[in-house]
Amino acid sequence: MNQIIEKLKQEARNSWDGDVGEQRAQDLENYLVNKLEEYSTKLNVSKEALLISWEEDRSYSAINYYQEANQPSIKSDKVKVFETVEDFIKKVGKPEFRCPSCNGVSTNPYSCNSGEEMSKDKTCDWKVGGLFGDLGKGVYVFVKDQLKGETLFLPLSWED
Ligand SMILES: [Zn+2]
């Protein structure tokens with residue numbers, strides 16, 4: 001695990017010259033150490049397994065990937081933990097999700113297909129993976145047996 005962290009620190013160091021690069025490497029290490037501690041304690045899974053899973057998932061630079069938006073605090077209300085994908089699907093029930101942008105009902109939890117008209121000839125196609133994400137209205141679902149988490153539109157069945 002330390003080898004992976006060292007490799008990531010080197011990547012951060014290489015992203016900028018001199019002190020700034022060194023600071024980025026240090027910040028990244030602190031972030032990872034704290035996050036892995038929090039997740040592994042709360043979920044009772046090994047830090048190494050978590051880090052390997054994150055690294056498999058990561059498709060862009062470490063300093064952009066290792067951010068609160070991608071690994072939110074597991075204690076926050078926004079995070080829901082499930083043992084398996086089946087448990088999650090059962091808990092959602094009907095596949096209906098609230099689009100954070102148009103407030104319509106989408107059957108796709110990542111990309112709005114509500115058909116709501118946003119302006120003339122433009123229906124909502126909001127994507128949770130876009131620049132503005134879930135506008136703070138979605139949920140972050142973590143599935144333990146996959147060691148994977150992601151942000152989704154809020155299932156209608158979970159609305160208060
Ligand atoms: Zn929408």
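**Notebook: zinc site and helix packing**

I began at the metal: the zinc ion has a tetrahedral site, with angles of 105 to 113 degrees among its four donor atoms. I count four donors as tetrahedral if all angles lie between 85 and 135 degrees. Donors here are N, O and S atoms within 2.8 Å of the metal (3.2 Å for Na, K and Ca), and sites may look incomplete because water is not among the atoms.

I noted the basis of the work: this is a predicted model, where local features need pLDDT of at least 70, side-chain atom pairs count only at pLDDT 80 or more, and totals for chains, interfaces and linings use all residues. Residues are numbered from 1 along each chain as its sequence is written, and side-chain values use heavy atoms, with hydrogens and water left out.

**Zinc ligands**

I looked up the protein donors: they are Cys99 (SG), Cys102 (SG), Cys112 (SG) and Cys124 (SG), 2.2 to 2.3 Å from the zinc ion. Their spacing along the chain reads C-x2-C-x9-C-x11-C. I checked burial, and both cysteine 102 and cysteine 124 are buried. Buried means under 20% relative accessible area, exposed over 50%, partly exposed in between (1.4 Å probe, protein chains only).

**Overall fold**

I found five helices and eight strands. These are DSSP runs numbered from the N terminus: helices are H or I of at least four residues, strands E of at least two. The order along the sequence is α-α-α-α-β-α-β-β-β-β-β-β-β. The C-alpha trace spans about 50 × 40 × 25 Å along its principal axes. Of the 160 residues, 36% are buried.

I followed helix 2 (residues 18-43) next. Its 26 residues reach 37 Å from first C-alpha to last, close to the expected 38 Å. The expected span is 1.5 Å times one less than the number of residues. Buried residues in helix 2 include Gly21, Ala25, Leu28, Tyr31 and Leu43. Their cover includes helix 1 (2-14), helix 3 (47-57), helix 4 (62-65), strand 1 (79-82) and strand 6 (139-143). Asparagine 44 follows helix 2, with a positive phi near 60 degrees.

I then turned to helix 3. Its buried residues are Leu50, Leu51, Ser53, Trp54 and Glu55. They pack against helix 1, helix 2, helix 4, strand 6 and strand 7 (148-152). Contact means heavy atoms within 4.5 Å.

Key. Tetrahedral: all angles 85-135°; square planar, octahedral: opposite > 155°, others 65-115°.
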